[in-house]
Structure formats: structure tokens, C-alpha cells
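Hi,

Here is the structure I promised to pass on. Have a look at it first, and then read my notes below.

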Amino acid sequence: MKIATWNVNSLKVRLPHVLEWLADVQPDALCLQETKTEDKGFPFAALEAAGYRALHNGQKTYNGVAILARSEPVEVMCDLPGFEDPQKRIIAATVGDVRLVCAYMPNGQAVGSDKYEYKLKWLAALAAWLKEELPRHPRLALLGDFNIAPEDRDVHDPAAWQGQILCSEPERDAFRRFVDLGLADAFRLFEQPEKSFSWWDYRMMAFRRNIGLRIDHILLSPELAGRCRTCSIDKAPRKLERPSDHAPVIAELTD
DNA sequence: ATGGCTTGAGTGTCAAGA
């Protein structure tokens, strides 16, 4: 089973890339973030024609998350229970024998800002919910745009980013709380090239210069981590015309 | 120099992303 995550930065703009990528890679499930549309603008028909069912928790202009799957997803859930939030950042469903949690975690803007406080509260609420979910779903994967670079090796210039948004200690502590729940960073289960990133700024030719951050992740419960055979970042779509600023991350699990 | 692109909204120009 192949599962993946991709922040597409507007599904309307990126639909051709997504369809091409689905045909090339043929994942069993793909989690999308930043669809930036309501259901009425969501390309259900085009995805169906490509062989994928789609679940969408949409929002106009900002946020919006979706799960695409080749088989029928069940037990669909949207948003964090008990966390009042108009922002659409969570959708979860079971595909095959795997519980998928697709998350677009807040950016936080700047350390100390209101948005940063919201980010930390949001991350705490997600961790509390996952703690309850994991016993119910021992084969659980948390996939998405975490907006956290968990370690210095996930940052092109750790000195410049030290203490900054996406790299601050409270954010990294929040990431470690997920790990402490038993979730493993699938990418780090394997040897990886140095300076592996999943996001590059649109400006300053950052992609060509590999000035990036690894902020998109697939975290796996112990049972799924034991079944994980590969995890990689696919930089190919980032090289296309009008790309998303994020690259997809893929994990392969044995059946 | 706190910018540099890209998107969505909406039709001039700004918020937000990371």
C-alpha cells in the first residue's frame, strides 16, 4: 500500500499536476492540504475519472484538506473534536486497514504572535485527540503539512532559522509529543540524502539552490512503522511549470 | 533593504503563506 501527502497550494491551479502525479505514482491514498476551495469548486468528477474517490473538508480561500483513495474510505471524520475552529485543517478516514489522518497544521506566522499561540494550542489539541485515537486505531498514519522542521538537519541554514517560526523549540516539542505517542517519522526510518527538504520558497530561486525545509511528514504508529518499506520526497512536481511550493512525500507499506 | 513569488479575492491591491 502506497500512501502520500502533498500540500498543493490551491487544487484548482494544481489539478493537472495532481492528475499527472496520480497516474505516474498510483498511490492507494493521497492526502491533500490547502485545497483553498469549498466543495462546489472541488474537482470530484475529474478525480473520479482518474480512479479516485475524494473526501473533502473545504474552505474558501484558505486551508481545506482532502483524502483521495482508490478504494472506498470509511469512518470519515472532519475537524478536531472539542476544538472550536472555523479553519478546515483536518480530515480522517479509514482506507483498507489503515486509519489516515490528514492534517494542515497552522503556519504560526511569527514566534510570539496570536497565530503562533493558535498554532501551539492547535498542536496540543491534535496530540490529545491522537492519544485517544491510537488505541482505537492501531494502524494509524498522520500525514500532512506540519509546518514544523523537526530537527536542524531538516533546515537548509539552521543558524539563520534558529528559534524562528517552523523551527522554534515549542514547535519542535509539539512534534516530539507526536513521537512520544509512538508515532515514527517514516522518512527517518531509512537512510536519506543530506539536505532533504519538502518545501522551497517561490522567491530567490530557492528550489534551484535547494534552500528549503522539511516540513511535510508521514508519521506512523508502531504497527505501520513495522510495515514501512520506503519513504521518500518526490521533487519532480516541484520542477514543473507553476508548481506547488511543496513536494509530495510517499511511504510504502507492506500489505 | 524585512523585499524577493504565488494564490484568492475581485478589478486595485492586499492578506497569507513559510
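Let's begin with helix α1, whose buried residues pack against β2 (29–33). Those buried residues are Leu11, Arg14, His17, Val18 and Trp21. Some terms before we go on: helices (H or I, at least four residues) and strands (E, at least two) are DSSP runs, numbered from the N terminus. "Buried" is for a residue with 20 or more other C-beta atoms within 10 Å of its own, "exposed" is for 12 or fewer, and "partly exposed" is in between, with C-beta atoms placed from the backbone. For packing, two residues are in contact if their C-beta atoms, placed from the backbone, lie within 7 Å.

About the file itself: this is a predicted model, where local features need pLDDT of at least 70, side-chain atom pairs count only at pLDDT 80 or more, and totals for chains, interfaces and linings use all residues. Residues are numbered from 1 along each chain as its sequence is written, while chains are lettered from A and ligands numbered from 1 in the order in which they are written.

Back to α1. How far does α1 span between its end C-alpha atoms? Only 18 Å, whereas a straight helix of 15 residues would span 21 Å at 1.5 Å a residue (the expected span is 1.5 Å times one less than the number of residues). There is also a kink of about 35 degrees in α1, centred on His17; the bend at a residue is the angle between axes fitted to the seven residues ending there and the seven starting there. Val13 is in this helix too (residues 11–25), and Val13 is partly exposed, because 13 other C-beta atoms lie within 10 Å. Val13 and Pro243 are 230 residues apart in sequence, yet their C-alpha atoms are 9.0 Å apart in space.

Now for some backbone angles. Most residues other than glycine have a negative phi. Asn9, in the loop between β1 (2–7) and α1, has a positive phi near 50 degrees. Gln26, which follows α1, has a positive phi as well, near 55 degrees. Then there is Asn63, with a positive phi of about 60 degrees, in the loop between β3 (53–57) and β4 (65–69). Is Asn63 buried or exposed? Asn63 counts as buried, because it has 20 C-beta neighbours inside 10 Å.

Next, helix α3 (residues 114–136): its 23 residues should span 33 Å, and the end C-alpha atoms are 34 Å apart, which agrees. Still, α3 has a kink of about 25 degrees centred on Leu130. Leu130 is buried, along with Lys119, Trp122, Leu123 and Leu126. The buried residues of α3 pack against β7 (98–104), β8 (140–145) and α5 (169–180).

Strands pair if DSSP finds at least two bridges between them; β7 and β8 have six, in the parallel sense. One of these links Leu100 to Ala141 in β8.

Last, look at DNA strand B. Of the 21 residues around DNA strand B, Ser10, Thr61, Asn107, Tyr202 and Arg203 come nearest ("near" is a C-beta atom, placed from the backbone, within 6 Å).

Cheers
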